[in-house]
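Trainee: I have a new model open on my screen and would like to learn how to read it. Could you take me through it feature by feature?

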Amino acid sequence: MAFDIEMIKKVYENMPDRVDKAREIVGRPLTLTEKILYNHLWDGNPTKAFGRGVDYVDFAPDRVACQDATAQMALLQFMHAGKPKVAVPTTVHCDHLIQAKVDAATDLARAKIQSNEVFDFLSSVSNKYGIGFWKPGAGIIHQVVLENYAFPGGMMIGTDSHTVNAGGLGMVAIGVGGADAVDVMSGMAWELKFPKLIGVKLTGKLSGWTAPKDVILKVAGILTVKGGTGAIVEYFGEGATSMSCTGKGTICNMGAEIGATTSTFGYDDSMSRYLRSTNRADVADAADKIAPYLTGDPEVYANPEQYFDQVIEINLTELEPHLNGPFTPDLATPISKMKETAIKNNWPLQIQVGLIGSCTNSSYEDISRAASLARQVSAKNLKTKSQFTITPGSEVVRYTIERDGFIDTFEKIGATVFANACGPCIGMWDRDGAEKEERNTIVHSFNRNFSKRADGNPNTLAFVGSPELVTAMAIAGDLGFNPLTDTLINEDGEEVMLEAPTGDELPPKGFDVKDPGFQVPAEDGSGVQVVVSPTSERLQLLAPFDAWDGKNITGAKLLIKAFGKCTTDHISMAGPWLRFRGHLDNISNNMLIGAVNAFNQKTNSVKNQLTGTYDAVPAVARAYKAAGVPSIVVGDHNYGEGSSREHAAMEPRFLGVKAVLVKSFARIHETNLKKQGLLGLTFANEADYDKIQEDDTINFTDLTEFAPGKPLTLEFVHANGTKDIILANHTYNAGQIGWFVAGSALNLIAAGKA
Ligand code: F3S
């Protein structure tokens, strides 16, 4: 139905030559990660060795995947690229906009009413531009990608941080912002700093209560939430090959929680089995033919310290089940230590809710192992003490587990089955009583457990564990319960023990589904109309930004001199604003409202130089724009750190800001500013930041000579008539100057010049 075997065969056709060449150039054996990266260079054959953590490299990913929240702006932008179809296979998945409240059918029906116009828009754009569209209820992006699109040795990007899940099928899969996705969909290269490499050697074998989730919970405890930054984590060893493919997916999924660029595993039998059971025998056959290229070289795995930047070793035989949390996924506690740790920290011991599923943990294996525990409830005459919920990752999984009786088993212990969607994992959980903000404990098999993440209650302590452990804990209702050693008292007053979970890696009767929820795009989409209501508050078609008029920018007003930290959250806040992600005008009302004004130390209060009054940043920007007055933003160090959210660059562009001058940029944000046709500049002399005054008017004096490597000169005219000349550096190359001249990178693509 959905994968593109011809594309995959092409990747495999190129791989042996390119990998052999790369090995020769690099002059040593290669890791799997390096093989995949060197086989996906934008320029084709490798010609030089790249410095890990140093060189920026252009890549050609095989696929793009977008979820419904981030796809809106990405597709609105793509519509401007002037292309009849996406340049690489792309899919859109409706999973983030479905709130969990009652049950799957009720919640899905409500979401279809509430977000109808967004779903319709995504469906029609997908249909028009050759994008595969997964309807609401079809499943969660990463599970659907694993079931249909991921393939060993492939490279993909996706507009969601847990895109990394596809590493379970041997991909290099990376989460990006919408602007990056638009580039690749439009046929442009995708740039990434060549990553550092962390090797994780897995020895021994999982058994009993321990699950793949415990591997990543342990790794998170070792590396912390920042330990993987700028690195790809590669797992290998007998422990890796002994694990299921979907278990590998779980481990890679939570690589996002250690900040890793992505994680991956070498091709093995478990992947072949998974591919074959999900109707992709041809992919498995093709992979089998080049199998040695789809894993690291044997010398690398024999002497990992020589070839990785960091190596961690974990013995799966000795690994204990873990629960990580609360409030951070790297606070790892082995289950045997949980009781004393919880008491010491005064964490509420009573578990209110156990939640299993999500993109992280809803494989057939996960569900069947959890069901083996649920079955013991009636067999041992127990009563489930906590509420229990399941969010299946896809309709394929849901249909299959229903057919095999697991849903019935869960319902018998009082479980609620939510829609195949993100739901409680992303705060889309209308939990009864959450508004009371009572302190309480929940356990779940998701990936993130930051404050408010699941139910919006800052006093909910969420602990992350494997689905089987979460099920056992929900049955016991007690955070201090250790199912490996402790007994429970059943309804007859007898002491009983839960037996260790058992299950099937893959459904013995095969996967099945009646309606997978997939919309095949039109062969020729030229006649498809994309309709966006002009009165919609959630969606707005974009108009191209104006091209540069070729003159110096003069008479610009200082909009804000931001003080201290100014992340993409300060520039374009999330929370309630997410609703307007597809409406640039409406979401622009959050522009810089979190930034601190250096002159009064207040947020969202800046001087309107035209009136002399103080007002909200977006209001002042709109006033300047309406008066035809350009504006400029000044900032501190690492301006724009945080996410790759393109709204943080589009909003200032939309509201008439011409340049952002800072002490230093977070690189992705700097690139996003360039793509939107803004000037992203840095002080040649940082101390000049202090010279900028509240009533300044700014003139560029040599923008007409804008060229790579040549600083620009800005004149800051103060209220008293004096002025400071400030030199600004920039990192624009000739192509990027072309973006500025055209008004945006997309304008250039649309003009057929990029
Ligand atoms: Fe959705 Fe949570 Fe996964 S938000 S994509 S289920 S991480």
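**Reading the model together**

Mentor: Happy to. Strand S5 (residues 155-158) and strand S6 pair in the parallel sense, and four bridges hold the pairing together. In that pairing, Gly158 has Gly175 of S6 as its bridge partner. Please keep in mind that this is a predicted model.

Trainee: In what order do the strands of that open sheet come?

Mentor: The order is S6-S5-S2-S3-S4-S21, six strands with mixed pairing. At the edges are strand S6 (172-175) and strand S21 (518-519), each pairing on one side only. Inside the sheet, strand S2 (residues 63-67) and strand S3 (residues 90-93) run parallel and are joined by four bridges. Val64, for example, has Thr90 in S3 as its bridge partner.

Trainee: Are the faces of S6 covered or open?

Mentor: Start with the general idea: in a regular strand, side chains alternate between the two faces of the sheet. In S6, Val172 and Ile174 lie on one side, Ala173 and Gly175 on the other, and all of them are buried, so both faces are covered.

Trainee: Why is strand S15 described as largely enclosed?

Mentor: Count its buried residues. Four of the five residues of strand S15 (residues 387-391) are buried, so the rest of the structure largely encloses this strand. S15 runs parallel to strand S14 (residues 351-357), and five bridges join the two. Within this pair, Ile356 stands opposite Ile390 in S15.

Trainee: How many residues of helix H19 are buried?

Mentor: For helix H19 (residues 467-476), the count is 10 of 10, and the helix is mostly covered. Among the buried residues are Pro467, Glu468, Thr471 and Met473. Just after H19 comes Gly477, with a positive phi of about 70°.

Trainee: Which residues have the most contacts inside the largest nonpolar core?

Mentor: Those are Leu122, Met473, Leu559 and Ile632, in a core of 232 residues. Take Ile632 as a case: leaving aside residues up to four places away in sequence, it touches Ala556, Leu558, Leu559, Val657, Lys658, Ala659, Leu661 and Ile698.

Trainee: How is the chain divided into domains, and where does the ligand lie?

Mentor: The division gives domain 1 (5-315), domain 2 (322-496) and domain 3 (556-750). Domain 2 and domain 3 have their C-alpha centres 46 Å apart. To place a ligand, ask which domains supply its shell. Here domain 1 and domain 2 both contribute residues, so the ligand lies between them.

Trainee: What surrounds the ligand?

Mentor: There are 13 residues around the ligand, and the closest are Ser358, Cys359, Cys422, Cys425 and Ile426.

Trainee: Where are Leu592 and Gln601, and is each one buried or exposed?

Mentor: Leu592 is in the loop between helix H21 (584-587) and strand S23 (596-597). It counts as buried because it has 31 C-beta neighbours inside 10 Å. Gln601 is in the loop between S23 and strand S24 (606-608), and it counts as exposed because it has 10 such neighbours inside 10 Å.

Trainee: Which residues does Ile560 touch?

Mentor: Leu592 is one of them; the others are Ala595, Asn597, Val606, Val617 and Val633, again leaving out residues up to four places away in sequence. Ile560 belongs to strand S22 (residues 556-563) and counts as buried because it has 27 C-beta neighbours inside 10 Å.

Trainee: And how do I read Ala751?

Mentor: Ala751 lies in the segment after helix H26 (745-750). With 14 C-beta neighbours inside 10 Å, it counts as partly exposed.

Conventions. Residues are numbered from 1 along each chain as its sequence is written. This is a predicted model: local features need pLDDT of at least 70, side-chain atom pairs count only at pLDDT 80 or more; totals for chains, interfaces and linings use all residues. Domain bounds come from an automatic or database domain assignment. A residue is buried if 20 or more other C-beta atoms lie within 10 Å of its own, exposed if 12 or fewer, and partly exposed in between; C-beta atoms are placed from the backbone. A nonpolar core is a set of buried Ala, Val, Leu, Ile, Met, Phe, Trp, Tyr and Cys residues joined through C-beta atoms within 7 Å. Two residues are in contact if their C-beta atoms, placed from the backbone, lie within 7 Å. A residue is near a molecule or strand if its C-beta atom, placed from the backbone, lies within 6 Å of it. Two strands pair if DSSP finds at least two bridges between them.
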